[in-house]
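Please look at the sequence and the model shown here.

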Amino acid sequence: MSNKYSMTENEMQKKSVEYRKKILTYIYGANAGHTGGSLSCIDILNVLYNHVLNVSPENFRSPDRDRYIQSKGHTVEALYVVLADKGFFPEDDLKTMCRYKSHYIGHPTRKVNGIEQNTGALGHGLPLAVGNAIAAKMDDKTFRVFSLLGDGELPEGSNWEAALTAAHYKLDNLCAILDYNKLQISGTTAEVCNTEPIDKKFESFGWTVKHVNGHDFNALIKTFDELPFEKGKPSLIIAHTVKGKGVSYMENQISWHHGVPGQKQYEEALAELDKG
Ligand SMILES: Cc1ncc(C[n+]2csc(CCOP(=O)(O)OP(=O)(O)O)c2C)c(N)n1
């Protein structure tokens, strides 16, 4: 790992265990949430917020900050625990998650400090990210724009308009990350609406694409370090992940898309995460 990073791989791993436990704790407390997809994308968010993004509570109002737009908005619990860890709001706020009058609802809203855009209706994040990246080019700004997509959301037509537009405007300041866990709400992505071959499709739209293990910190960092993959082209990172990662009884199980653990399951999950 290069010296530029403040955390070792081991520290990043520990951080992700902490994040996973918090995701489960707040979902358990709220009795609601998208458990499987939050556990699948949390290592990517760990790397983004702790190594990649130039964004912090101090610069969040600066026009020069990097933009992170979470298009798979339903896994906002992963984003909440990372934003709390980075100091965007007190972690105790998350105890109000999904309660009456709380801003910490089941999808991202700009009422929460640190959240760039309201998302949750699938297919909106990438178009918003493209708009932000075009704005950066028009204003001669060097900030970068990142958007996390779910593979189950890819069939939304707006993604493909955005993909086309990103290549047309040569948005090499834009990086989409696909949380490629191959499951969505009601089945496998292949069964519900097959979008394969995803890499070839994006390449044919004018993007440069790289595959990476979405739970391997060093591989993720190396891939993000290589951005833009090609000058004048938008970049797509296909991050191979496991839905429910870290809790064996949740891994690759469709029922954990928005399953909420009961007390015994919650305790079992935490014990497994602690064991490593
Ligand atoms: C426009 C729209 N249609 C349907 C839904 C309902 N929905 C919520 S999550 C989801 C599946 C998303 O799958 P994926 O993007 O792969 O997320 P992950 O498996 O990573 O959690 C669906 C269809 C929605 N939020 N928005």
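A polar contact is a pair of N or O atoms within 3.5 Å; within protein, one must be able to donate a hydrogen and the other to accept it, and residues adjacent in sequence count only if both atoms are side-chain atoms. The model is predicted, and local features need pLDDT of at least 70, side-chain atom pairs count only at pLDDT 80 or more, while totals for chains, interfaces and linings use all residues. Residues are numbered from 1 along each chain as its sequence is written, and side-chain values use heavy atoms, with hydrogens and water left out.

Consider the ligand. An N or O atom in the side chain of N181 is 3.0 Å from an oxygen atom of the ligand. A polar side-chain atom of K72 lies 2.8 Å from a ligand oxygen atom, and a backbone N or O atom of G120 lies 2.9 Å from a ligand nitrogen atom.

The interior comes next. A nonpolar core is a set of buried Ala, Val, Leu, Ile, Met, Phe, Trp, Tyr and Cys residues joined through side-chain atoms within 4.5 Å; buried means under 20% relative accessible area, exposed over 50%, and partly exposed in between (1.4 Å probe, protein chains only). The largest such core has 56 residues, of which L45, L48, Y49, F146, I177 and F224 touch the most other members. Helix α2 gives the most to this core, with 9 residues; helices (H or I, at least four residues) and strands (E, at least two) are DSSP runs, numbered from the N terminus. A second, separate core of 26 residues includes A162, L171, L174 and V209.

Helix α8 spans residues 217-225, and F217, L220, I221, T223 and F224 are buried in it. These residues lie on the same side of α8 because they cover an arc of only 165° around the axis, the arc being that of the directions from the helix axis to the C-beta atoms. At the start of α8, a side-chain oxygen of D216 reaches to within 3.1 Å of the backbone nitrogen of N218.

Finally, consider the backbone. Most residues other than glycine have a negative phi, and most peptide bonds are trans. The peptide bond from E196 to P197 is cis, with omega near -5°, and P197 is in the loop between α6 (189-192) and α7 (198-204). Another cis peptide bond joins L227 and P228, with omega about -10°. K170, which is not a glycine, has a positive phi of about 55°; K170 counts as exposed, at 52% relative accessibility.
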